[in-house]
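User: I have a structure open and would like to talk it through. Could we start with the packing and then move on to other topics?

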Amino acid sequence: MALLEVRDLTVSFHRRGEPVFTAVDGVSFEVEPGQTVGLVGESGCGKSVTSLAIMGLLPKRGAKVSGSVTFEGTELLRLSDRDMRDRRGRDLGMVFQDPLSSLNPVISIGLQVTEVLERHRGMPRKQAMAEATDLLNKVGIPDPTRRLSEYPHQLSGGMRQRALIAMALACRPRLLIADEPTTALDVTIQAQILALLKELVRDTGTALIMITHDLGVVAGLCDQVNVLYGGRIVERAQRHELFVEPRHPYTHGLLASIPRLDAARGQKLVPIPGSVADNIPWDHACAFAPRCANALDVCRGQTPAEEWHEGRLLRCHNPVEPAADAAAKEDLRV
Amino acid sequence: MLRYVVRRLLQLVVVILVLSLLLFAWLRSLPGGPVSALLGERATEESRRALTAQLGLDQPIFVQYFRFLGRALSGDFGNSTGVAPGSTAMEVFSQRFPATIELSVLAIIIAVLLGIPLGYLAARRRGGWFDNLSVIGSLIGVAVPVFFLAFLLKYLFAVQLGWLPSAGRQTSGIDATRVTGFFVLDGIMTQEWDAALDALLHLILPAMALATIPFAVIFRITRAAVLDVLDEDYVRTAESKGLTTPVVRRRHVLRNAMLPVVTTIGLQTGALLAGAVLTERVFGYPGVGEALAIGFERRDYPVLQLLIIIAAMVYVLVNLLVDVSYALIDPRIRTR
């Protein structure tokens, strides 16, 4: 049985005076124990909303969630607020994008770590402090005893994110969701944090959902990748297959727009034209059609269905032919 | 921190010096004066001249000022001419200031005890009927003139219903022992319970009238601050850790939302301690505010000079206290 099963998850926002906005539109995927799964897409594609829906952190008013999210066989969407609170931080942990704003500025790092331990593992303050020292050590924060009595503004950006990871992993959750955990950090620190996550996931056997717009992050970390566009999954494949043979024109575009050090001099980057704002509704078309180089007439008149092509999931009328990327294939084999 | 406090106190000295000069000139530029106030319109020119000389008002104004300044440095602020002839200005102040402190503290306690919880609740139920109702209520609280509300309360609860005394600090005939000058506290310390209760009953109506504006301001600031904090990422982090609702509220929401509220409470307290002129006047409450009102009517320069200078000092000191307490709540300021 999968650790987490997301079935047909749909999240729409109903705000007074505004049209209903469907941020996530029938997303389904699974996470096996210990597996690292990527959710990839541009901002606005629904990846963060998906993660917040799994955690039960969407605002109660205004956000309508339907479908099913089962964790170890329990339907999370139907749990009471109290039962969900018992699971958050214990079974499911989460790390957010901006470590500075994600930490409470007026209480010490120590209290912010120990409060989870006290809450879920019933530790007395003293024992929790010892455990917190251990945790900070594990996430690579030097001189942890001193750091525990310090406040978020006294730590560097990388250190803050390490502290947040320590909090999320304090109760050894079976699933960790990381929502763009490196976006707000310097490039050198990004690499360190990713290496840390990779190591922690391997050592603790925690499954990880990695949410990112950065395919570089995915390449180093994920076993399986889901590419989202306009609130739907448009392609799902194992990491290697996805990078070697991107089939959806959107995935293909994302890969082509990554700068590469080994590219020939003068070779231009190929951006995807337009932006997410150019979406058309999925109702009778493919939402990506207005920006797609491969678009046919059928793409503007009929919603593409999810189909399996040799072990990968694809939602496209006119996928990129595998042969087209023979060169890229060569590159990756080197 | 200590250096900061010392610097602020030195600034206070400058503020007081400048203020005393402006105040001195301003009071003397008002029409009328203590002589007309004391002797009336039909006094003879001779008696006027004699009193003017007696009060030292025949001297050039800068001579008067430096004489005032010299005496003030040794604690002598002159004799009251209108509020309580026969007493020194300092005696007027020291008799009345405890009354004003007692009233202000009770008013602030009422405002804080109502303002913070209601502001928090309104923010949690943003857009609901409770929120809308209390926002309207607080608007009315700010908009209704204090003297009108004071008259209304007095008429309703003292005159019509007769539940509470209408004026003063103490029912005449109660012979209470004085220890501190705070009547409620004195009653408790000497275990004269009837005196303590009597003093407290006298405080209720003026304190209610006085509390409306601080209440409305504290309510609105709390509501706005909580709304801001509820949207903060760290509250979402706290929720993602599965903390119980009371912990999220106290530790993560309220503690951060209190920063602007503390400032507001400080400013409001400072303003109240300067003397609630209108409220004290309506309730005949013998505090600093009433002395200011009478002092202006009777052009009592020594009393006005002392009371206004002290009001400014209290205001600055309360602000300093707020800044220091800020550092206690917010570690980002502490380590700077």
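Analyst: Leaving aside neighbours within four places in sequence, A166(A) is in contact with V113(A), L135(A), L136(A) and V139(A). Please note that the model is predicted.

User: Which residues have the most contacts inside the largest nonpolar core?

Analyst: They are A166(A), I177(A) and M210(A), in a core of 90 residues.

User: And which helix gives the most to this core?

Analyst: Helix α7 of chain A, residues 157-169, with eight residues. There is also a second, separate core of 64 residues, with L149(B), L205(B), L292(B) and L306(B) among them.

User: Changing topic: how many residues of chain B are in contact with chain A?

Analyst: The contact involves 21 residues of chain B and 26 residues of chain A. On the chain B side, α10 (233-240), α11 (245-273) and α15 (331-334) each supply at least two residues. Of the elements of chain B, α10(B) gives the most, with six residues.

User: What is that side made of, by class?

Analyst: The side of chain B that touches chain A has nine charged, seven polar and five nonpolar residues.

User: Where does the UniProt record put transmembrane regions in chain B?

Analyst: The unreviewed UniProt entry annotates residues 9-27, 103-123, 135-157, 199-219, 257-278 and 306-329 of chain B as "transmembrane region".

User: What does the chain look like over 306-329, helix or strand?

Analyst: Residues 306-329 of chain B are 100% helix and 0% strand, with the end C-alpha atoms 35 Å apart. Over residues 135-157 of chain B, the figures are 91% helix and 0% strand, and the end C-alpha atoms are 26 Å apart.

How values were computed:
Residues are numbered from 1 along each chain as its sequence is written. Chains are lettered from A and ligands numbered from 1 in the order in which they are written. This is a predicted model: local features need pLDDT of at least 70, side-chain atom pairs count only at pLDDT 80 or more; totals for chains, interfaces and linings use all residues. UniProt positions are given in the numbering used here, feature names are shortened, and annotations may be inferred rather than shown by experiment. Helices (H or I, at least four residues) and strands (E, at least two) are DSSP runs, numbered from the N terminus. Two residues are in contact if their C-beta atoms, placed from the backbone, lie within 7 Å. Ala, Val, Leu, Ile, Met, Phe, Trp, Tyr, Cys and Pro count as nonpolar, Asp, Glu, Lys and Arg as charged, and the others, Gly among them, as polar. A nonpolar core is a set of buried Ala, Val, Leu, Ile, Met, Phe, Trp, Tyr and Cys residues joined through C-beta atoms within 7 Å. A residue is buried if 20 or more other C-beta atoms lie within 10 Å of its own, exposed if 12 or fewer, and partly exposed in between; C-beta atoms are placed from the backbone.
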